[in-house]
Amino acid sequence: MRIIVVDDEPVIADTLVDILNGEGCKAVAVSDGASALKWAPMMQPDVVISDVIMPGMNGVDTAKAIMQLFPKCRIILFSGQAASIDLLEKARAEGYQFEVLAKPVNPGQLLSKLGLPKSALSG
Amino acid sequence: MSTNRSHTAALNPKSDAFDSPGHSVQFYGDDSYLIEELSRFIGSALGAGDAAVVIATKAHQDELVQRLQARGLDMTLAVQQGRFITLDAAETLAKLLVNGWPDARRFAQAVGRVIEQAQTTVQGKQRKVAAFGEMVALLWAEGKHEAAICLEQLWNELARTHSFTLRCGYPMAGFSEEGHAELIQKVCAEHTHVIPSESYASLLKEEERLLNIVYLQQKAQALQREMAERKKAQQALQVREAELANFLENAVIGMHWVAADGTILWANKAELDLLGYNREEYVGHNISEFHADGPVMEDILQLLGRNEELHGYEARLRHKDGSLRRVRIHSDVFMQEGKFVHTRCFTIDVTDQRDADEARLRLAAIVESSDDAIVSKDLKGIVTSWNGGAERMFGFKAEEIIGKPITLIIPPELHQDEPIILNKIRRGERTQHFETVRVKKNGERLQVSLTISPVKDDRGNVIGAAKIVRNITENKKIEEALRLNERLASVGRLAATIAHEINNPLEAVTNLLFLAKRDIAQGGKARRHLEMADHELTRVAHITRQTLGFYRDNAFPTSVDISEILDDLLFLYGRRLHARDIEVVKQYKGKIEISALAGEIRQVFSNLIANAIDAMPDGGSLIVRAANSHEWNNSNLPGARVIIADTGSGIDPENRKKLFQPFFTTKKEVGTGLGLWITSGIVEKHGGSIRVRSRTEAGRSGTAFALFLPAIPPRPEEEGDSTLRSHARDLVNSERASVA
């Protein structure tokens, strides 16, 4: 499974990539929406996991752009900030419905959401 | 008495007066006396073979003839012989008048001829003619006194050329007036002899007559004085009458008289002024034209028709300008010989008084219905009035406290304030919105706002004070709650901000722990520590997400999993449940999902669970049941049924009624009294309903709240929604924060 993880906090993006790669995925971390769009054509991702509030292009806009390029790509947004509500509402009004997870996301739950066999290590 | 010589002479009768020749005048009181005297006069003439001419009324002629016949005279013969000639006085008089005045030529024709005719009959026999006339009396009776004198003079002139003895007859009734004294002299002056009326003439003895003269002189004098007195009295009476008429006319109270048929006979100035009409527009018209209410008018006339009196009868009269005047009518009927002559009405305008009464009643009603206590007291601090608001606020009935000191409602420690307040009032000063404490009859204290105004009499002297007391206990509570709310809201906002800042590092730590666990060998001590750290971290994540999670701002109904929310809350309250040794019994039937505002629904359950925990300080069972169901009264409305019950001490029936009122709390120290009010508000907003059951019997006590929430909430009004939402959000924020 090819996954792009987008988060402006490098620790979050890197650790998540580490976890996903540990489960046999091919995940890469990028720190903003523009980078995600640059990597996507090369990666041809099955899933994009993106933070919502980020400098530059926000998660929702990134998600919309990815959806247009790769309609089959699954998009999961995760956020820890109330401000993200407004962006999601706006997107919903425009007809976009995203899977949204609240931070902190339990990695085990995330893996099961992705349909990955839960690693014995994940506890 | 006049000293006129001829008059004295005329009244000085001679013994032969009855038979003396010339021109005599006969006064009489009664007709029978006239006939008696006349029959002697005419009878003796006829008896002596003389002729007689009688010009008299038909009645006098007939009576005379009867009398003469009774004396044995053959009247038929006398007439046949032409010695007794009668003429009708009225007819003869008519013949000799020209423009109501005796005409000499006509007199000569009508009377002179007859005398000549009579003389011709007895001529040569040395006989005389006796004549009687009372045409002068007819003229006199008509008040034509001058014409009568003139006629007497014509007779006198006739006597110069003809020889006859004449007697005139005047009834005394024609001389009954005061001014007639002079006229009687004039009449007498035209005669040679005067024959007084029967009262005197019938006296035969000289001494009787003299006595009678003295008597008459005395009587005349007395009468003269009496007349003068009477004249004076009459003048006084006239003055008095004029004064009374003036008094009535100018009285300040309207007065009028009405005839039995309703015609106004008289009205005074005040009455006319009251209604704005001039005299012609009112007097002579029917009273009903001026009454605004027909039935009232009829009733008045009926009452008066039965000779009843009206006292302050209320009616409405029409003013000329179209307005209606309210009046009180006092009236009775002036009756004469049992007949209705006219009413005597007093009309008192009470329009202003009634308007004032109505205004006063209106004000009184306002005062009485006011929620504020409105009371008054005198300068000694004694209660003088007490409205309904005061009764409700303080629990004292008006009759209980009026006349008692106002200090009954002032707490003992504030009694020293009363003299200060009273002094301020005496100085005419007003106290506005003074916040203080007052005490109810049952001792309960109230926070009040006082406005005290001095009450002045019409001369401006302060005679007491009016107090408006507003119970601000509730306001104070609301103020406090709002302050608390604001404080909680700001704490909440701060906490939310912090929580969001924490979420990112939490995410990182979670991931790091996950990786650390993955990369460390199983079974080791470090691995166990990591697992514990992960467990604790999960709790931290849970708490931040549940209490300050971003769902809270969700403004649109979303799909809400009831059991998930309940589980979250039970998890959140886990520590408290555990600490109080409360056992949780969960019964969820199937997957229960409704469309709702997730944050608000969470708030509802959070309140109910928190209350249940508070109700069981010594442990017990918390029963949480949820199932798909339908509305109690409407099986077509699907939704979720949730029951949250405790085995606490239960709620008193008295308190049960107040449960959903704002600021009602049994948890005096910690409660805001807003929880269940908010809860029911949210449930209502979602189109649901909430019921409570409670038992207080020891051993089987407890409280159960049963909720129904429809699967799809009613569509809120576009506009009202945002306000409601923000209001609800604020409340939810504060409550949430207080729970945290």
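This is a predicted model: local features need pLDDT of at least 70, side-chain atom pairs count only at pLDDT 80 or more; totals for chains, interfaces and linings use all residues.
Good morning. In chain B, 63% of the contacts between residues at least 6 apart in sequence join residues at least 24 apart.

Chain B contains 26 helices and 25 strands. Of its 740 residues, 31% are buried.

Let me turn to one sheet of chain B. Six strands form this open sheet, in the order 3-2-6-7-1-8, and the pairing is parallel. Strand 3 (84-88) and strand 8 (193-195) of chain B each have a single partner strand, so one side of each is left without a neighbour in the sheet. On average, and ignoring direction, neighbouring strands of this sheet are turned by 15° against each other.

Strand 2 of chain B, residues 51-56, pairs with strand 3 of chain B over five bridges in the parallel sense. Here I55(B) is opposite L87(B) of strand 3.

Which strands does helix 2 of chain B touch? Helix 2, residues 31-47, packs on the sheet and touches strands 1, 2, 3, 6, 7 and 8 of chain B. The direction of helix 2 makes about 160° with that of strand 6 of chain B. Helix 6 of chain B, residues 104-122, also packs on the sheet, touching strands 2, 3 and 6 of chain B.

Finally, I come to S649(B), in the loop between strand 23 (638-646) and helix 24 (653-656) of chain B. Is this residue buried, partly exposed or exposed? S649(B) is partly exposed, because 18 other C-beta atoms lie within 10 Å, whereas a buried residue has 20 or more. Beyond its neighbours within four places in sequence, S649(B) contacts A615(B), T696(B) and S701(B).

Technical notes: Residues are numbered from 1 along each chain as its sequence is written. Chains are lettered from A and ligands numbered from 1 in the order in which they are written. Helices (H or I, at least four residues) and strands (E, at least two) are DSSP runs, numbered from the N terminus. A residue is buried if 20 or more other C-beta atoms lie within 10 Å of its own, exposed if 12 or fewer, and partly exposed in between; C-beta atoms are placed from the backbone. Two residues are in contact if their C-beta atoms, placed from the backbone, lie within 7 Å. Two strands pair if DSSP finds at least two bridges between them. Axes are lines fitted to C-alpha atoms, for helices over the stretch in contact, and angles run from 0 to 180 degrees between N-to-C directions.
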